[in-house]
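Hi everyone, thanks for making time this morning. I'd like to walk you through the ligand sites in one model and then a few backbone details.

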Amino acid sequence: MFKDPEARIVGKESWGDYFLLTFDSPAVSALARPGQFLMIKVSDEPYPLLRRPLGIHSRKDKTLGVFFKVAGIGTALLARKTPGETLDLLGPLGKGFNIDPCLAGKPVLAVGGGRGIAPLYFLAWELRALGASIKILYGGRTQADLPLADKLRAEGFDFACSTDDGTVGRRGLVTELMEDEIKAGGGSPPALVCACGPDPMLQAVALIARDKRLPAELSLESRMGCGFGACWGCVQRIRRDGKAEWIKICEDGPVFPAESVVWEKESP
Amino acid sequence: MSDLSVDLGFLKLKNPILAASGTFGYGLEFEPFLDLNRLGGFVVKGLYYGPREGNPPPRLVETPSGLINAIGLQGIGVEAFIAKVLPKLQALDTAVIVNVCGASEEEYVRVVEALDAEEGIAACEINISCPNVNKDGACPAFSPESTRAVVREVKRASRRPVIVKLSPNVTNIVEIALAAQEAGADAIALVNTFLAMAIDVETRRPKLGNVLGGLSGPAIKPIALRMVYQVASRVKVPVIGMGGIWSGADVLEFMIAGARAVQVGTANLVDPDACLRILGEVEDFCRRKGIERLEDIIATVKT
Ligand SMILES: Cc1cc2nc3c(=O)[nH]c(=O)nc-3n(C[C@H](O)[C@H](O)[C@H](O)COP(=O)(O)OP(=O)(O)OC[C@H]3O[C@@H](n4cnc5c(N)ncnc54)[C@H](O)[C@@H]3O)c2cc1C
Ligand SMILES: Cc1cc2nc3c(=O)[nH]c(=O)nc-3n(C[C@H](O)[C@H](O)[C@H](O)COP(=O)(O)O)c2cc1C
Ligand code: FES
C-alpha cells in the first residue's frame, strides 16, 4: 500500500447522482486486486475531516477508476473534481475477492446492488481474463440506479438486471434474480458467488448461498477512520474458529466468506 | 540546522513530535507510509492486561473538523503485545511509549509489572482518561482522589517513568494535574478526548453504538490549548500537549503555551505521514525565525 498524493484525473463520466473518475496512479494500480479499496481525500482542509473509502472499480494500464454515488458532503465534493486535477489517495487497501486460478472455465455469479456494482466491474474483467464464465446480476430501485447497464451489455458481459419498480429488467429484488438464475443453471451451479451492496441484500445472498451450498464472498461496508488498520473504527461481527469477534474490515476485509459474517438480525 | 530535540528529564526526544495513542495502532501499521525512526516517538494503542472486545459499531462519526470515536479500547492485551508486537518495536531507534489501561488499580499495576520485565519501552503513559469504557465517560481522571490513587500504585510498581494522561472532561484541570504530580507522575499528558454525542435526526437515534463518544481533531484545539496552558503554568513536571494538532503552527502554539512535547492524534488517520509533514513545518519555522534550539520556545507566551 502506498500514499499517492497526486493521482491525475484523466477521465470523468456521470449519470445523475453516479460518477466515474479515472486517474493515473501507476504504483497503486500495479498492485490492485478486485475487492480492494482506496481512501480518497475529499478536501484539502480539515472539513470534511476523514478520507472516504471507495472500491477499486476498474484498472487499465496505469489508470484506476472509482465509481460512486453521491451520498453526502464528501462524495459531493469528489463529484466536483475534473480531469487535470489530482486526487490524494491511499491504496490498494484491504483484501479482495479470492480469485482462484481454478475458476477458469467455471461459472461465477457477481451480484451487485446499486453502487455495489463498483468493485464487481473490476472483478468481472479479471475473471474474464482468467477464463471464468462470469454472469453479472445488477439490481437497483429504478432504472436511474443502473447507470452501468448499457456499458456492461456493450462490453459483452452475460448480464441481467432488476429494479424494484420494474422500469427495467425483472421487477423485484436482485436476490430474486439470483434465485431464478441458480434455478435456470440447473446442473451447473456457480463455482463462486461474489456480492456487494446494502446489508439486507448481502444477508439475503448469504442465505441463498447457504441453502444451495454455494461458496459466496461478500464485500462489506462500514465507517472507516483510517482504512489501514490503525484505529479499530471499522469493525464488523465476523465468526472465526466458531467465535464471533469484532474484526477490522479495512484490514481483514472488506471481502469475507458469506458464512463468516454475523448479522445483526440473524436469519432463520 | 536547528536543534529540535527536547528533554523531558527522564527521556530525551530527537524532536517533540509523538504520535498519540489509539491513532497510531501499534506503530507497525504506519511502516508502509513513513520512517518511524524519524519521529520523536509514538504511543501505542491502549493495553489492558487481557484482550478486549470494544464497543459495538458504529464506532466513528465525523463532525465539523472533528471526529467522535467510541472504540472502547479494543485491543490484544499486554501479553500478546509483548509476545507478538514488542519484538518488532525493539529494533526501532525512537521512543516507544506504552499506553496503559485498567478497569481497576490492580489491573493498571498488573499491566505495568508485565511491561517492567521487557526492554525497548521508553515510558508508560497511564490512560486514566478514556471516555468510552464506563457510563457517562467516568474515569479515574475525574477526581483528584482517584487520580492520586492510581498514579501512586503505578509509580510504586513501575521501574519506568510514568506519564499520566488526563481527561479534559473536568471542571478544574489544574487540580487534577497537581494531584497527579503529587502522586509521583514524571510527566503529564493532556488532553484525551472530549465527551461528545451526535444524533441522526431522521431516526432520532444516536450516531454511535455506544451513544456517547470522545471528540478529537481540530475542533477541540483551542480548548485543549487553554488546558495545556493552565496546567503548564502550574506544574513542575514536563507537560505533553495534544488536541487537534494538524500543522507545525499548532505544535508551536502548544509549545509556546508551555508543552515540552506534543502528540499528534487524529491527523495520523487522515494522513499516515502527518507527523513528518508537521515536523517539516516546525523545522521551516525555526529556520525562518533563526531559532537555534526549539526548546527555547517552550513557555514563552507573552501575556
Ligand atoms: C470498503 C468500502 C468501499 C466502498 N466503495 C464504494 C464505492 O465503490 N462506491 C460508492 O459509491 N460508495 C462506496 N462506499 C461507501 C462510501 O464510502 C460512502 O458512501 C461515503 O463514505 C459517504 O461519504 P459522504 O461524505 O458523501 O457522506 P456523509 O455525509 O459522510 O454521509 C452520508 C451518508 O452515508 C453514510 N456513510 C458515511 N460513511 C460511510 C461509509 N464509510 N460506508 C457506508 N456508508 C457511509 C452515512 O451513514 C450517511 O447516511 C464504500 C465504503 C466502504 C467502507
Ligand atoms: C480513534 C481514537 C482512538 C483513541 N484511543 C486512545 C487510547 O487507546 N488511549 C488514549 O490514551 N487515548 C486514545 N485516544 C485519544 C488520543 O490519543 C488523543 O488524546 C486525542 O485524540 C486528542 O488528540 P487529537 O485531536 O490530535 O486526535 C484515541 C483517539 C482516537 C481518535
Ligand atoms: S478504518 Fe481504521 S482500523 Fe479500519
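Let me start with the residue classes: Ala, Val, Leu, Ile, Met, Phe, Trp, Tyr, Cys and Pro count as nonpolar, Asp, Glu, Lys and Arg as charged, and the others, Gly among them, as polar. With those classes, the shell around ligand 1 has nine nonpolar, five polar and five charged residues. Please keep in mind that this is a predicted model.

Let's stay with ligand 1. There are 19 residues around this ligand, and R52(A), P53(A), G74(A), T75(A) and R223(A) come nearest. Where in chain A does the shell come from? Strand 4 (52–55), strand 6 (63–69) and helix 2 (73–79) each supply at least two of its residues. Strand 4 of chain A gives the most, with four residues.

Now the polar contacts, which I know you'll want with distances. An oxygen atom of ligand 1 lies 2.6 Å from a backbone N or O atom of P53(A). On the nitrogen side, a polar backbone atom of F67(A) is 2.9 Å from a nitrogen atom of ligand 1. The side chain of E221(A) also takes part, with an N or O atom 3.3 Å from a nitrogen atom of the ligand. How much of ligand 1 does the protein cover? On its own, ligand 1 has 860 Å² of accessible area, and the protein covers 78% of that.

Over to chain B and ligand 2. Here we have 24 residues around the ligand, with S21(B), K165(B), G217(B), G244(B) and T266(B) coming nearest. By class, this shell has seven nonpolar, 15 polar and two charged residues.

What do the polar contacts look like here? T266(B) places a polar side-chain atom 2.6 Å from an oxygen atom of ligand 2. For N127(B), an N or O atom in the side chain is 3.1 Å from a nitrogen atom of ligand 2.

Rolling a probe the size of a water molecule over the atoms shows where empty space is left. How many cavities of 30 Å³ or more does the count give? The answer is one. The largest cavity has a volume of about 470 Å³, and it is the space taken by ligand 2.

Its lining is made of 36 residues, and S21(B), T23(B), N69(B), N192(B) and T193(B) lie nearest the centre. In chain B, strand 4 (41–47), strand 6 (66–69), strand 16 (261–264) and helix 7 (267–270) each supply at least two lining residues. The class counts for this lining are 16 nonpolar, 18 polar and two charged.

Finally, some backbone details. Which peptide bonds are cis? One of them runs from P57(B) to P58(B), with omega near -5°, and P58(B) lies in the loop between strand 4 and strand 5 (60–63) of chain B. Another is the bond from L190(B) to V191(B), where omega is near 15°. V191(B) sits in the loop between strand 10 (187–190) and strand 11 (194–196) of chain B.

Back in chain A, R213(A) has a phi near 55°, a positive value in a residue other than glycine. R213(A) is in the loop between helix 6 (199–211) and strand 13 (216–219).

Conventions
Residues are numbered from 1 along each chain as its sequence is written. Chains are lettered from A and ligands numbered from 1 in the order in which they are written. This is a predicted model: local features need pLDDT of at least 70, side-chain atom pairs count only at pLDDT 80 or more; totals for chains, interfaces and linings use all residues. Side-chain values use heavy atoms; hydrogens and water are left out. A residue is near a molecule or strand if one of its heavy atoms lies within 4 Å of it. A polar contact is a pair of N or O atoms within 3.5 Å; within protein, one must be able to donate a hydrogen and the other to accept it, and residues adjacent in sequence count only if both atoms are side-chain atoms. On a 1 Å grid over the protein atoms alone, a cavity is a set of points where a 1.4 Å probe fits but cannot get out, and a pocket is an open set with protein on both sides within 12 Å along at least five of seven lines; lining residues have an atom within 4 Å of a point. A molecule sits in a cavity or pocket if more than half of its atoms lie within 2 Å of its grid points. Grid points are joined across faces, edges and corners, and a volume is the space filled by probe spheres set on the points. Accessible areas come from the Shrake-Rupley method with a 1.4 Å probe; for residues, only the protein chains shown count as cover.
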